[in-house]
Each structure stands twice: as structure tokens, then as C-alpha cells.
Amino acid sequence: MPSLRLVIAVLALSVLAACASLAPSASSTGRLQGRTYVLVGASSPLGRDVALRLGAAHANVVLAAHPTELLDGVAAEVRRAGGQALIVHADVTRPSELKRLTQAAVKRFGQIDVWLNFTGFGRLEIGRAHV
């Protein structure tokens, strides 16, 4: 049975593959536009790329990381691409900060449609994850 981390990694990569270009098609923009995506670990290369592609589809993108120094640039790029961005500093190993992240996203955008985690990955190899 595959590990949970491997399953999460595959799902995250599937989302990225579904957003194949920075200029989304009309049908993908319609499905993503106005929906709210929380990206934990948004300062990672994969998180940043997904954020930019969601921004190009005019989605609401909640950018969360610990620390948040790199997120200002990602948020600016999301906005330039046509999306809305919210930066939240969050150490997701702390339940109180997860709760605060959730509350900030709902307060700003009304709901959360998709939650993606780009943190906590070890070195990945085909068929197994190493922590």
C-alpha cells in the first residue's frame, strides 16, 4: 500500500499537470475562476508554480508558508496574472495556526474549495518516499 506522503505528492503533481500552461483554456478558467485554493508551502517551487497557474485562471489563492519572505513576490505574480492572493504566515505543525489559516481564508474569500500541501515531502523516488 502506498504511503500517504506518496499519495499526496502524486495528487499535487496531478494538479500541476492539469494546469499545463500559464495561459489556461477557457474551459479550465471557468472551472477555476473564483474558487479558493489554499496552498500550504506556497514558497516551494511546486507551490509557486501551481499558485501562478491558478492566478492565470483568475482563482483566489491563499499563500501559506513558514517563513513568508518569498510569498510577496508570488502574490504579486498571482495578481498580475489575474488572480487574487492572500498571504498567511502559518506553521502548519501547530493546530492553532492551521485554524488561523482556515479562518483567514474563509474571512477573505467566503469558503475554501481546495487545500493543497506542498510541505513535508522527503526525497521522492519512484514507488517510495523517503523522509
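Before anything else, a cut-off I need for the entries below: I call a residue buried when its relative accessible area is under 20%, exposed when it is over 50%, and partly exposed in between. I also keep in mind that this is a predicted model.

Entry 1: I started with E97, which comes out at a relative accessible area of 17%, so by the under-20% rule it is buried. Its partner is R100: the two side chains meet in a salt bridge, 3.6 Å from N to O. I checked R100 as well and found it partly exposed, at 37%. Both residues sit in helix α5, which covers residues 95-109, and they are 3 residues apart, about one turn of the helix.

**Entry 2: the other bridges I looked up.** How many salt bridges does the structure hold? I get 4. One of them joins the side chains of D49 and R53, at 3.0 Å from N to O. These two are 4 residues apart in helix α3, so about one helical turn separates them. R53 counts as buried, at 16% relative accessibility. Another bridge links R94 and D91, with 3.5 Å between N and O. Here I find the aspartate, D91, buried at 16%, while R94 is partly exposed at 47%.

**Entry 3: stepping back to the fold.** I count 5 helices and 6 strands. Reading from the N terminus, I note the order as α-α-β-α-β-α-β-α-β-β-β. The protein has 131 residues, and 37% of them are buried. For contacts with a separation of 6 or more, I see that 62% are between residues 24 or more positions apart.

**Entry 4: the nonpolar cores.** Which residues touch the most other members of the largest nonpolar core? I get L39, A51, L54, V61, L63 and V78, out of 20 residues in that core. The elements that give two or more residues to it are β1 (36-40), α3 (45-56), β2 (60-65) and α4 (71-81). There is also a second, separate core of 10 residues, and V38, V40, A64 and F109 are among them. General note: in soluble globular proteins, nonpolar side chains tend to be buried together.

Leaving out residues up to four places away in sequence, I list its contacts as L39, A42, A51, L71, V74, A75, A85, L86, I87 and V88.

**Entry 5: two single residues.** Is T36 buried or exposed? I find it buried, with a relative accessible area of 0%. T36 lies in strand β1. Its contacts, again skipping residues up to four places away in sequence, are N60, V62, F109, Q111, I112, D113 and V114.

G73 belongs to helix α4. I also took the C-alpha distance from G73 to R48 and got 9.6 Å, for two residues 25 apart along the chain.

Key
Residues numbered from 1 in each chain as written. Predicted model: local features only at pLDDT ≥ 70, side-chain atom pairs only at ≥ 80, totals over all residues. Heavy atoms only, no water. Buried < 20%, exposed > 50% of the residue type's maximum accessible area, 1.4 Å probe, protein only. Contact = heavy atoms within 4.5 Å. Core = buried A, V, L, I, M, F, W, Y, C linked by side-chain atoms within 4.5 Å.
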